[in-house]
Amino acid sequence: MYEMDKEKVGTLIAALRKERGLTQKELAQQLFVSDKAVSKWERGLAMPDVTLLIPLSESLGITVTELLEGRRFSAAEPMRVEQVEEIVKKAICLPEIGQSLSMSIGKRVCIYFGGLLLAALEVLWLVYLGHTGEELSVWILTGDLLGIIFGAYFWLFAKERLPHFYDENALSFYTDGIFRMNLPGVRFSNANWPYILRAARWSCLLMPCLLPAAYELACRLLPSGLFFLAFLYIELFLILGGLFIPIYVAAKKYSKP
């Protein structure tokens, strides 16, 4: 197994960043990552993703080879074929993009069905409080079903990595079988996909959990004459805004330049 010397690489990144007068936040903004990620690199706790090697080396004014080795090369220092091959193998063995955000399928199953159980208990709680099945089917179940269906895809079936052609082309849409997602102005890639996936998963899970509570709160606070229109807007915000806004923000924030 070929492993990178994380501490050595981190020390080099920190030194070159300071030489160029950049803060961790400024370097992070250039690479469209968080300053926490840069901090982890410099402390030797993590390595940059493979797709960040070229932009990171350009930002620091070094070659990718120097970055992977964690040191500067002198102009007169020749490189042997064996040395180049070893560096390439180290790069191939770097952690996959979004590894720190990924979860095992077992953990995802537990979280998803735990969320469904919570949502079901909230609906039963509304029935206990005297709300009829007709009311709940009109106001709650439609939104719950959307969260459950989309949540099942993102939590259980969505791929952790995108095909390579997403990194090579500026694509604003994502397809996987019958599933389609289009975000105008956003470029899907393996740089932002883990964050999109995380936002989609939690948004879909929170939606069926928040709708019953929002419904009961609206029943208590809103006058009966205003309830229909007011809760309609609340529901649309939770369904559309609560699902798509976090996904769009995550996609835009971590999009490749």
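View 1. Tryptophan 202 is partly exposed, at a relative accessible area of 36%; buried denotes under 20%, exposed over 50%, and partly exposed the range in between (1.4 Å probe, protein chains only). The model is predicted: local features need pLDDT of at least 70, side-chain atom pairs count only at pLDDT 80 or more, and totals for chains, interfaces and linings use all residues. Residues are numbered from 1 along each chain as its sequence is written, and side-chain values use heavy atoms, leaving out hydrogens and water.

Rings of Phe, Tyr and Trp (its six-membered ring) are paired if their centres lie within 6.5 Å, with planes under 30 degrees apart called stacked, over 60 edge-to-face and the rest tilted. The count by this rule is 12 aromatic pairs. Because tryptophan 155 belongs to helix α8 (residues 133-157) and tryptophan 202 to helix α10 (residues 193-221), the pair ties together parts 47 residues apart in sequence. Helices (H or I, at least four residues) are DSSP runs numbered from the N terminus.

**View 2. Tryptophan 155 under a charge.** Tryptophan 155 is buried, with a relative accessible area of 0%. The charged end of arginine 201 sits over the ring of tryptophan 155, 5.8 Å from its centre. The criterion is NZ of Lys or CZ of Arg within 6 Å of the ring centre and within 35 degrees of the ring normal.

**View 3. A stacked tyrosine pair.** Tyrosine 195 and tyrosine 254 have ring centres 3.6 Å apart and planes at 10°, so the pair is stacked.

**View 4. An aromatic cluster.** One aromatic cluster is formed by Phe150, Tyr153, Phe154, Tyr166, Tyr174, Phe179, Phe188 and Trp193.

**View 5. Glutamate 66 in helix α5.** Glutamate 66 lies in helix α5 (residues 64-69) and is buried, at a relative accessible area of 7%. Leaving aside residues up to four places away in sequence, glutamate 66 touches Leu12, Arg71, Arg72 and Phe73; contact means heavy atoms within 4.5 Å.

**View 6. Leucine 229 on helix α11.** Leucine 229 lies in helix α11 (residues 224-253) and counts as partly exposed, at 49% relative accessibility.

Definitions and conventions
Helix = DSSP H or I, 4+ residues; strand = E, 2+ residues; numbered from the N terminus.
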